Protein chains: 2
Amino acid sequence: METTVKGLFRTTEKYIGKEITLFGWVRNNRAQKEFGFINFHDGTFFDSVQVVYEDSKLKNFKDVQKIRVGSSILVKGELILTPDAKQPIEVKATYIELLGDSPEDYPIQPKRHSREFLREVAHLRMRTNLFHAVFRLRSVAAFAVHEFFQSQGFIYTHTPIITGNDGEGAGQMFNVTTLPLDKVPMNEDQQVDYKKDFFGKRTNLTVTGQLEAEAFALAFKNVYTFGPTFRAENSNTTRHASEFWMIEPEMAFADLNKNMDVAEDMVKFIIKYVFEKLPEEMVFFDKFVEPGLTDRLLKVLTQPFVKITHKEAIDILIKSNTKFENLPKHGQDINTEHEKYLTEKHFDCPVFITDWPKGIKAFYMRMNDDNETVAAMDLLVPGSGELIGGSQREERYDMLMKRMEEMDIPKEDLKWYTDLRRYGGCVHAGYGLGFERLIMYLSGVENIRDVIPFPRTPKNCEF
Amino acid sequence: METTVKGLFRTTEKYIGKEITLFGWVRNNRAQKEFGFINFHDGTFFDSVQVVYEDSKLKNFKDVQKIRVGSSILVKGELILTPDAKQPIEVKATYIELLGDSPEDYPIQPKRHSREFLREVAHLRMRTNLFHAVFRLRSVAAFAVHEFFQSQGFIYTHTPIITGNDGEGAGQMFNVTTLPLDKVPMNEDQQVDYKKDFFGKRTNLTVTGQLEAEAFALAFKNVYTFGPTFRAENSNTTRHASEFWMIEPEMAFADLNKNMDVAEDMVKFIIKYVFEKLPEEMVFFDKFVEPGLTDRLLKVLTQPFVKITHKEAIDILIKSNTKFENLPKHGQDINTEHEKYLTEKHFDCPVFITDWPKGIKAFYMRMNDDNETVAAMDLLVPGSGELIGGSQREERYDMLMKRMEEMDIPKEDLKWYTDLRRYGGCVHAGYGLGFERLIMYLSGVENIRDVIPFPRTPKNCEF
């Protein structure tokens, strides 16, 4: 019967004493004089299974000995229990057929490759243990996100990717156009004639789905987005990509506390979920990527997250007697070194920082009564820093208009957005979770380029 | 206790005899002299619940009478069973508070609005029954897709949105750029100097994630994408949008038959799923959007889909004695009228058409032995025409290179793709499902603009 490596490991009993058929790839082939071993991987499971072949059992023994790393093969044989060996099962082959050869220059050999090299062969790197684990984690964590929100009645909303809104206020944007770049049409005022462009106006790639998600929250109460977002910033760091996926829940009749509760529940749900579904991968990350990862993540489940205001955070930093490169200051942003101190040294736990200075936050965040801070919250986590950023939204029409004026946000373009405050508006809140940041947090992988299938960064758009 | 309209309808017993608190919106407010009725909707459920208020019970009775359609309110009261009424429950209010007003000019009044008008207020239209049902269906169907593939071990893969591949071969592309359009830099040859662009090369919005998904299938066996794709075609039809979501499974060691089996299982799974999760919405679609929809969809579950070759399909059309506007011809495409005849008149059932003429299909489809047709399959469904398009992929390196030459596909750009055939390549197959087409099929809604939250079409990029 045709089966998979996952089937063999997870439901072993089903296959005992039966002829089994497997399709997959050779991770390694160690040929001896009268027998040989193939590390056989079929993509369905983190581990390979060992396939043993013997001269006396295979008609084409000599050809099988020559099968190279990376080749695709068909294996027929019998499942053998090996309770005393490193792995509890192996396959004794009666038939092995080469389906697709792999030449000597195959880049993924059974040895250590640098992550930089593997980025250059991103179309093949998921055939290594590390990237196989990372991209399965990515898939399972994505589903965990959906499961978390769907089970609570949140509506998944596909907010637009191409947007005519210039002022989403979250970063620099890519222009989307069908105008011929070698002869861009100009209008009478010698400006680009966007009327001739595909949409009849200037359009960009979205930096956030939040504004549209707010419209949906005011009809469905609880909604979430999960889609790609874009930043045209020319920043080459290990934590920024030009294209990344974001999850943005938005909730009507929810204040900042409710917002934090949902975020905390979500993070805990996802951690539990990936340990339950991917035990092999999580052990691998702990062993080979970030020693101590399992403890760090499981500890998160045992206690409530800390909640402090931005002012309290700065006070802690000032009193810490630590030599920071950037002095912590009231009214100023919190740097990576500050995040590290708070989450790793001071609290050793995820920390919500609330009530941020209005000057460093977006126009749509709700003004607090002090008129100096807004009802924003960032979630900082040990090892990864900022994971989530959110806020209660300004639901008061006049206050919102005032902030837009102060911050020079084009009001006409966003009339539909401000109108949400005129037509049955209500207290509402939401947050954004960068999905790649989450995967880095869950795996210990430190470079965002290594958790995206085909990363896009400045001057890099391969595959 | 705080609850939701969904809670009241689905777990009624829990709330009997308790004081309940609800947050939501007024769909209608019919004030009488000494009492009144509010159609109360909170976004969690398709139906509204009726809230009854009486002069003698409310301190602010007169203010409540003035609450307008669209306003957000807080209701406290008691759940009353009304087994003889149209709805089995209602809420008797003890307290009603206006949270967010809605002025007289609120566009969504309790009357029939044209779909054209509602497109102009797309930020509010999900507050109507139709769009509330459509966008909840969209969310639930999206989750059904994930559940179907995840439960079978498929890996969800985020293929890139911005691509440097010019030749994906599925349609016209949008250019993505940060070059200043009013002074595009030129190189010495008087051509656009893309080296100065953000990615150092010309980049576009993807038309398909298939090519990258193939790379993942050759590492994980079974994978799927679910993300936005783009077409810069200037076509204004009810079935085309410039931005839409696609699901693209890709399977290693799978031929065209396996491909069709998975597609059929998926369609049946989704239909079952939405009837189970959304009984109220599906009744609504049947009653107000497409009479007979329920029968049409449930019938699909009762029988295997038909499988015929393109040649057989043309033969049936020719023999049908039907006056088609476009004469059916061997070697030619199948038009909408032909699709309708096959699925609605001849078979009255979903139909796979296989083995298409090579001249009208993409370069990556596997050549059949006749050297005239390729191992492609389209799934046509009654009422909606083409729902799925897929193929077995050309896994033979030489054949693939030959087709790319014949069809003028740039080989250098796609070296990584053709290399997948050199490194352990194997028989593999996949398909694409347009998610909006699926929602149209499931709801009976006829215009693609009415199943996308904020549709993008030529000259239209609002919100």
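This is a predicted model: local features need pLDDT of at least 70, side-chain atom pairs count only at pLDDT 80 or more; totals for chains, interfaces and linings use all residues.

H4(A) and H4(B) cross with a left-handed sense.

**H4(A) with H4(B)**
- Helix H4 of chain A and helix H4 of chain B each cover residues 129-151, and their axes come within 11 Å and cross at roughly 140 degrees.
- Because angles over 145 degrees would count as roughly antiparallel, H4(A) is oblique to H4(B).
- From H4(A), the residues in the contact are A:Ser139, A:Val140, A:Phe143, A:His146, A:Glu147 and A:Gln150.
- From H4(B), they are B:Ser139, B:Phe143, B:His146, B:Glu147 and B:Gln150.
- This contact comprises 3 nonpolar, 6 polar and 2 charged residues.

**Helix H4(A) itself**
- With 23 residues at 1.5 Å a residue, H4(A) should span 33 Å, and the 32 Å between its end C-alpha atoms agrees with that.
- H4(A) is largely enclosed by the rest of the structure, because 20 of its 23 residues are buried.
- A:Gly153 follows H4(A) and has a positive phi, near 80 degrees.

**H6(A) with H13(A)**
- Within chain A, the axes of helix H6 (residues 256-277) and helix H13 (residues 435-443) come within 12 Å and cross at roughly 55 degrees.
- H6(A) and H13(A) are therefore oblique to each other, and their crossing is right-handed.
- A:Ile270, A:Ile271 and A:Val274 of H6(A) meet A:Leu438, A:Tyr441 and A:Leu442 of H13(A).
- The contact of H6(A) with H13(A) has 6 nonpolar residues, no polar and no charged.

Key
Residues are numbered from 1 along each chain as its sequence is written. Chains are lettered from A and ligands numbered from 1 in the order in which they are written. Side-chain values use heavy atoms; hydrogens and water are left out. Axes are lines fitted to C-alpha atoms, for helices over the stretch in contact, and angles run from 0 to 180 degrees between N-to-C directions. Helices (H or I, at least four residues) and strands (E, at least two) are DSSP runs, numbered from the N terminus. Angles under 35 degrees count as roughly parallel, over 145 as roughly antiparallel, 65 to 115 as roughly perpendicular and the rest as oblique. A crossing is left-handed if the near helix is turned anticlockwise from the far one by less than a right angle, and right-handed if clockwise. Contact means heavy atoms within 4.5 Å. Ala, Val, Leu, Ile, Met, Phe, Trp, Tyr, Cys and Pro count as nonpolar, Asp, Glu, Lys and Arg as charged, and the others, Gly among them, as polar. The expected span of a helix is 1.5 Å times one less than its number of residues. Buried means under 20% relative accessible area, exposed over 50%, partly exposed in between (1.4 Å probe, protein chains only).
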